[in-house]
Amino acid sequence: MQGISIETIYFYVLIVCAAIAFLLVIFGDVFDFDGPIDPMLIIPWLAFVSLFGYLGERLHFNSLLVLLISAAIASGIVFFLNFYVLMPMRNAEATISISEKDMEGSTATVVTPIPPGGMGEIQFKSVTGSLSRPAAFYAPQDQPIERGSEVLIIEIKDRVCYVVPYEGSLKL
């Protein structure tokens with residue numbers, strides 16, 4: 001390529017990919033990449049191809065063979081990087097507290113009485129601790145729920161728990 005060696009091209013691509021990878025690590029959460037091509041996979045693939053290509057050219061192997069072998073090794077490394085690092089990180093919770101979906105169907109204790117047509121407060125206890133949330137009746141009720149009573153969380157909308165009185169286990 002007009003006097004520029006392939007080794008130099010590999011080296012410059014490696015440096016650019018390292019800089020972009022550094023920026024993606026810092027700012028990757030700011031941008032949401034939902035397209036078919038994920039930069040979190042393309043940039044490492046290019047970096048590994050250029051790294052192995054540079055090393056292969058330094059050892060004076062055939063350039064086409066170096067490119068093919070580099071692409072194959074980079075594809076394997078990026079596959080394992082995606083499968084064992086990136087996918088588990090995307091699926092991981094950012095906190096150890098329980099999610100709202102996990103709270104639905106569970107019981108909680110009334111902290112502030114819940115009047116008919118009004119709101120009160122409940123406390124949900126789990127292995128990771130307890131948390132308090134505002135609560136209202138899921139279905140219209142005639143009687144308020146007093147402090148210390150058990151309720152069943154039916155649904156959570158906009159951080160408000162919609163509950164029904166809970167009598168406990170079935171008595172036979």
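Analyst: Two strands pair if DSSP finds at least two bridges between them; helices (H or I, at least four residues) and strands (E, at least two) are DSSP runs numbered from the N terminus. The model is predicted, so local features need pLDDT of at least 70 and side-chain atom pairs 80 or more, while totals for chains, interfaces and linings use all residues. Residues are numbered from 1 along each chain as its sequence is written, and side-chain values use heavy atoms, without hydrogens and water.

With strand S4 (residues 150–157), by contrast, S5 pairs in the antiparallel sense, over 6 bridges. Leu152 is bridged to Val164 of S5, and Val151 stands opposite Pro165, also in S5. S4 and S5 together form a hairpin with 2 residues between them, and in its turn Asp158 has a positive phi of about 50 degrees.

Seen as a whole, the 5 strands close into a barrel in the order S1-S2-S3-S5-S4, with mixed pairing. On average, and with direction ignored, neighbouring strands of this sheet are turned by 55 degrees against each other (axes are lines fitted to C-alpha atoms, for helices over the stretch in contact; angles run from 0 to 180 degrees between N-to-C directions).

The protein chain holds 4 helices and 5 strands, arranged from the N terminus as α-α-α-α-β-β-β-β-β. Of its 172 residues, 24% count as buried, where buried means under 20% relative accessible area, exposed over 50%, and partly exposed in between (1.4 Å probe, protein chains only).

The structure has 2 salt bridges, each a side-chain nitrogen of Lys or Arg within 4 Å of a carboxyl oxygen of Asp or Glu. In one of them the side chains of Glu155 and Lys157 meet at 3.9 Å, N to O. Glu155 counts as partly exposed because its relative accessibility is 24%, and Lys157 is likewise partly exposed, at 44%. In the other, Arg58 bonds with Glu7, the closest N and O atoms being 3.1 Å apart. Since Arg58 lies in helix H2 and Glu7 in helix H1 (residues 6–27), this pair ties together parts that are 51 residues apart in sequence. Arg58, with 48% relative accessibility, counts as partly exposed.

Helix H2 covers residues 39–58 and includes Glu57. Pro39, Leu41, Ile43 and Pro44 are among the residues of H2 that are buried, as are Gly53, Gly56 and Glu57. Glu57 is buried yet has no salt bridge, and the nearest side chain of opposite charge, that of Arg58, is 9.7 Å away. Just after H2, His60 takes a positive phi of about 60 degrees.

Notes
Lys and Arg count as positive and Asp and Glu as negative; His and the chain ends are not counted.
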